[in-house]
Amino acid sequence: MGSPRVLLFTGKGGVGKTTAAAATALRCSDAGLRTIVLSTDPAHSLADAFDVPLSSVGSPITDRLWGQQLDAQERMEDAWADIQAHVMELLGWAGVDAIEAEELSVIPGLDEIFALSDIKTYATSGDWDVVIVDCAPTAETIRFLSLPDILSWYMDRLFPAHRKAVKVVRPVLARLTSMPIAGDRVFAAGQRFYERLDGVRAILTDGRHSSVRLVVNPERMVIAEARRTHTYLSLFGYHVDAVIVNRLLPEAITDPWFKAWKETHAEHLTTIEAGFAPLPVLKAELAAEELVGIERLRRFGDVLYGDTDAAAVLHRGEPIRVHKRGERRVMSLELPFVDRDDLDVGRNDGELLVRVGAYRRAIVLPDSLRRRPVTGARMVGDRLEVSFGEEPSRG
Ligand SMILES: Nc1ncnc2c1ncn2[C@@H]1O[C@H](COP(=O)(O)OP(=O)(O)OP(=O)(O)O)[C@@H](O)[C@H]1O
Ligand SMILES: [Mg+2]
């Protein structure tokens, strides 16, 4: 059984992420693929787009298409038994009396953890060929997608001995209170919670199976945000395989009032195609009506993909690669559109620290680089190249 295709849709608020995710899901299922589409957005917009009610455990939409609307509250109640012991101990320590699952579900980060664990469940169950994720607007999505990386970073430092045991529970709860030393019982609860997330990052950053599609409108601010998103996604090792330009004014509109708008759209489209190259750019025009219901979504998908296979990997980038240059080694990271002033590179033992704006990633160095000193870092085109000198001789 091969791994399923995982497609994530993100972009600025209101650009058409849900519409594109829903239309892509329909197209995949119409092509015979068993497809599930889920939303990380608490608003029930996927259900609204299909005009079909969707439950939090999944509901059928067409023959081979299912949809799921995450309900963090409900999931919190399910997971409650697992974490209760831990939480009670914690809160007792903090001097807080009993707490209900309902109150806990407002802890930031929990619905994201559930969404990530759902993606993992669907991607590993063997029941699906395609898993489609309708993400929240960009900033939240980057937070969401950097979560597995950040959590494991903290866990490796705070609990090297208990690495696996407490990977997830602590950072979530640490936002509530500084924590007492956890006992064995608590570690066991933490372990079960952690297992939900173990491996999710490996699934989502595997470019052979998982891709992000960036949805934009032909507008200056939307494009600027998409560029930054592309940079941050690359920083965390995610593969973007296409840009979707939605709401282009149709050729058929000849009213002079729209003349300047059409020219602006054409200019922005050129900028997008040039700026995001070699990524393919898929296009959809502004429809004459809202894109609600299966038939309209299906038509939208036909226009968007034409003859293109919606489930294919549309572009294979290389977020990180290491190559030899004489005796030296060069680690090269794809960081499209990065502003040099926003970029910092550092070294901490076996890790390379890369900061872009507000986001940081600690990249664990492969054995071939671990003992070599960093001798330089520079941008070459869209890539950050970090040079490593020769390994110091032993003894
Ligand atoms: N090409 C289009 N033509 C006409 N209407 C469109 C088009 N694309 C999207 N819409 C409509 O615009 C609205 C917003 O689209 P959608 O919900 O897909 O955006 P979103 O990016 O998911 O928004 P949010 O950030 O709120 O999640 C919906 O009513 C949708 O039907
Ligand atoms: Mg949406």
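## Helix H1

Helix H1 runs into Gly32, a residue with a positive phi near 100° that follows the helix. The model described here is predicted. Within H1, 13 of the 14 residues are buried, leaving the helix mostly covered.

Ala22, which falls within the range 17-30 of H1, is in contact with Val37, Leu46, Ala49, Phe50 and Leu297, once neighbours within four places in sequence are set aside.

## Shell around ligand 1

Ligand 1 is surrounded by 19 residues, the closest being Gly16, Lys17, Thr18, Thr19 and Ala287. Two elements give two or more residues to this shell, namely helix H1 (17-30) and strand E7 (240-248). The most come from H1, with three residues.

By class, the shell around ligand 1 holds seven nonpolar, eight polar and four charged residues.

## Nonpolar core

What is the size of the largest nonpolar core? This core has 84 residues, and those with the most contacts inside it are Ala22, Ile119, Val131, Val216, Val243 and Ile244. Residues of domain 1 (1-315) and of domain 2 (320-388) both belong to this core, so it lies between the two domains.

In soluble globular proteins, nonpolar side chains tend to be buried together.

## Helix H10

Helix H10 covers residues 220-235, and its 16 residues should span 22 Å at 1.5 Å a residue; the end C-alpha atoms are 23 Å apart, which agrees. Because 12 of its 16 residues are buried, H10 is largely enclosed by the rest of the structure. The buried residues include the charged pair Glu225 and Arg228, as well as Val222, Ile223 and Ala226. From Arg228 the list continues through Thr229, His230, Thr231, Tyr232, Leu233, Ser234 and Leu235.

After H10 comes Gly237, with a positive phi near 85°. Gly32, which follows H1, also has a positive phi.

## Backbone features in loops

Which residues does a cis peptide bond join? The bond lies between Ala277 and Pro278, and its omega is about 10°. Pro278 is placed in the loop between helix H11 (259-276) and strand E8 (281-285).

Two residues other than glycine have a positive phi. Asp51 has a phi near 60° and is found in the loop between helix H2 (45-50) and strand E3 (59-62). Asp51 counts as exposed because it has 12 C-beta neighbours inside 10 Å, and the cut-off for that class is 12 or fewer. For Phe337, phi is positive at about 65°, and the residue sits in the loop between strand E10 (328-334) and strand E11 (343-348). With 16 C-beta neighbours inside 10 Å, Phe337 counts as partly exposed.

## The protein overall

The protein contains 13 helices and 15 strands. Of its 395 residues, 41% count as buried. Among contacts with a separation of 6 or more, residues 24 or more positions apart account for 70%.

Note on methods. Residues are numbered from 1 along each chain as its sequence is written. Chains are lettered from A and ligands numbered from 1 in the order in which they are written. This is a predicted model: local features need pLDDT of at least 70, side-chain atom pairs count only at pLDDT 80 or more; totals for chains, interfaces and linings use all residues. A residue is near a molecule or strand if its C-beta atom, placed from the backbone, lies within 6 Å of it. Helices (H or I, at least four residues) and strands (E, at least two) are DSSP runs, numbered from the N terminus. A nonpolar core is a set of buried Ala, Val, Leu, Ile, Met, Phe, Trp, Tyr and Cys residues joined through C-beta atoms within 7 Å. A residue is buried if 20 or more other C-beta atoms lie within 10 Å of its own, exposed if 12 or fewer, and partly exposed in between; C-beta atoms are placed from the backbone. Domain bounds come from an automatic or database domain assignment. Two residues are in contact if their C-beta atoms, placed from the backbone, lie within 7 Å. The expected span of a helix is 1.5 Å times one less than its number of residues.
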